[in-house]
Amino acid sequence: MAPNSVAVTMEKPDNFSLLEINGSDQSSLLDNKRKSISPKQLSWFILLKAHRVVSCLSWLFSSVRKRIAFSSKNINEEEDPRSRGKQMYRFIKSCLVISIVALSIEIVAHYKKWNLDLMSRPSWEVRGLVEWSYMSWLSFRSDYIAPIVITLSKFCTVLFLIQSLDRLVLCLGCFWIKFKKIEPRLKDDEIDLEDASNFPMVLIQIPMCNEREVYEQSIGAASQLDWPKDRILIQVLDDSDDPNLQLLIKEEVSVWAEKGVNIIYRHRLIRTGYKAGNLKSAMTCDYVKDYEFVTIFDADFTPNPDFLKKTIPHFKGNPELGLVQARWSFVNKDENLLTRLQNINLCFHFEVEQQVNGVFLNFFGFNGTAGVWRIKALEESGGWLERTTVEDMDIAVRAHLNGWKFIYLNDVEVTCELPESYEAYKKQQHRWHSGPMQLFRLCLPSIIKSKVANTKIQFL
């Protein structure tokens with residue numbers, strides 16, 4: 001064979017051919033190549049493509065049929081948010097696997113020098129099905145995917161700039177509050193703490209569900225609040241499904257009742273709506289009409305005895321005030337790296353976001369606990385609704401749209417615990433983030449149509 005000749009071999013079970021082509025004869029190369037492609041090979045290629053299309057369609061139809069059957073089977077069952085979380089987790093894992101596979105292919109293409117120049121080559125110069133597939137992917141990516149990615153990148157850049165500007169404004173507002181020493185100011189005719197008859201009626205609610213580790217400290221802290229015993233009622237709203245735990249909580253309530261504390265135990269037979277359903281059910285009791293304010297503490301929160309004396313007086317002389325929110329503090333913030341990071345994040349939320357919004361906007365999101373509500377504000381705003389998993393944010397938005405004002409007390413702290421393990425942290429974040437977009441969709445029409453008055457609360 002001559003040195004300048006090229007040997008081309010076509011391997012098929014029933015076809016072996018060896019062609020000697022002179023390297024200088026460029027015109028005959030394309031013709032011989034085309035002649036070497038037999039109709040049988042073209043048929044095999046078309047059958048292969050058809051088989052792949054049929055396989056994809058059958059898989060798609062099978063998935064749709066299974067999904068419809070599953071939905072029909074569970075149409076009358078309440079959808080569990082955990083199942084939605086698992087589906088999202090599977091979707092994220094699938095995207096991650098696809099990304100890793102795509103990255104591997106890109107690395108191989110880089111070392112084999114496959115690039116956009118492949119698209120300018122004749123089809124007969126492509127070596128193998130993998131290279132042909134990659135060339136098709138490059139063409140599809142440059143024509144369809146690249147413009148979308150560029151647009152999304154610009155959109156994300158704009159969102160990043162907006163968020164950065166928002167954080168900058170919040171930080172400047174916090175510095176201004178510290179510089180001017182701005183804080184909520186009490187009226188001159190505040191509550192006379194020496195006269196028990198001037199103390200308003202306060203309802204304390206402690207919603208809990210299977211809180212075996214913390215129920216004692218939460219009930220004990222609420223029972224030791226410094227407030228006249230005849231003007232306070234503690235509701236232990238137990239949604240636990242463990243009979244033994246229910247018995248333990250009942251015994252704890254009985255212990256404090258024997259000490260003269262006005263405390264009752266309440267357990268729902270039909271546990272629907274999670275925390276919102278629990279609070280909604282408790283507010284339907286006949287004796288609630290005798291109380292003016294309601295304070296909510298989650299099971300892992302332990303308020304100081306003077307909590308009510310630092311929060312309730314702000315309502316006197318402020319008939320438009322619907323909520324007084326206290327700050328959270330964490331007893332285990334130095335336990336490990338996860339708790340330290342959470343403490344940094346939540347301190348920014350309370351020290352900057354809540355405080356600045358409370359001073360300059362008279363509005364912030366209710367944190368679901370460690371807050372005092374005027375019962376009239378809750379009732380006029382529609383009460384607790386079970387339509388989302390962020391019932392605290394829901395009631396805050398509706399109350400603000402109804403014209404009620406909020407006060408945030410940065411110097412009044414209620415201690416609680418941070419999740420110390422990743423699993424506990426993941427469950428907490430899922431509860432906190434699973435409902436805001438749904439709430440936004442539900443409240444957007446009301447937000448657009450609302451005309452909220454800009455009534456200011458007095459600050460010093």
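How many aromatic pairs are there? In this predicted model, the count comes to 12 aromatic pairs. Two of them are set out in the table.

| Pair | Centre to centre | Angle between planes | Class |
|---|---|---|---|
| Phe140 and Tyr144 | 5.1 Å | 35° | tilted |
| Phe363 and Phe406 | 5.7 Å | 35° | tilted |

Phe140 and Tyr144 both belong to helix H4 (residues 128-180); because they are 4 residues apart there, about one helical turn separates them. Phe140 is partly exposed, with a relative accessible area of 42%, and Tyr144 counts as exposed at 53%.

The pair of Phe363 and Phe406 links distant parts of the chain, 43 residues apart. Phe363 is in the loop between helix H9 (337-360) and strand S8 (371-374), whereas Phe406 is in strand S9. With a relative accessible area of 23%, Phe363 is partly exposed; Phe406, at 0%, is buried. Both rings are part of a cluster linked by ring pairs, which also takes in Phe364, Phe366, Trp373 and Tyr408.

A ring can also lie under a charge: Lys259 is placed over the face of Trp256, 4.2 Å from the ring centre.

Strand S9 also belongs to an open sheet of 7 strands with mixed pairing, in the order S5-S4-S3-S6-S8-S7-S9. Strand S5 (263-267) and strand S9 (405-416) are at the edges; each has a single partner strand, so one side of each lacks a neighbour in the sheet. On average, neighbouring strands of this sheet are turned by 20° against each other, direction ignored. S9 pairs with strand S7 (residues 321-330) in the parallel sense over 9 bridges, and Phe330 stands opposite Cys416 in S9.

The largest nonpolar core has 69 residues, of which Ile204, Ile219, Phe307, Leu308 and Trp373 touch the most other members. S9 supplies the largest share of this core, 7 residues. Leaving out residues up to four places away in sequence, Phe307 touches Leu225, Thr295, Phe297, Ala326, Ala370, Val372, Val412 and Val414. A second, separate core of 7 residues includes Leu170, Cys174, Ile177 and Val352.

Is Met283 buried or exposed? Met283 counts as buried because its relative accessibility is 18%, under the 20% limit. Met283 lies in the loop between helix H7 (274-282) and strand S6 (293-296). Apart from neighbours within four places in sequence, its contacts are Leu203, Gln205, Val288, Ile375, Leu378 and Trp384. Met283 and Ile375 are 92 residues apart in sequence, with a C-alpha to C-alpha distance of 9.2 Å.

Definitions and conventions
Residues numbered from 1 in each chain as written. Predicted model: local features only at pLDDT ≥ 70, side-chain atom pairs only at ≥ 80, totals over all residues. Heavy atoms only, no water. Helix = DSSP H or I, 4+ residues; strand = E, 2+ residues; numbered from the N terminus. Buried < 20%, exposed > 50% of the residue type's maximum accessible area, 1.4 Å probe, protein only. Contact = heavy atoms within 4.5 Å. Pairing = 2+ DSSP bridges. Axes fitted to C-alpha atoms, helices over the stretch in contact; angles between N-to-C directions. Core = buried A, V, L, I, M, F, W, Y, C linked by side-chain atoms within 4.5 Å. Phe/Tyr/Trp six-rings, centres within 6.5 Å; stacked < 30°, edge-to-face > 60°. Lys NZ or Arg CZ within 6 Å of the ring centre and 35° of its normal.
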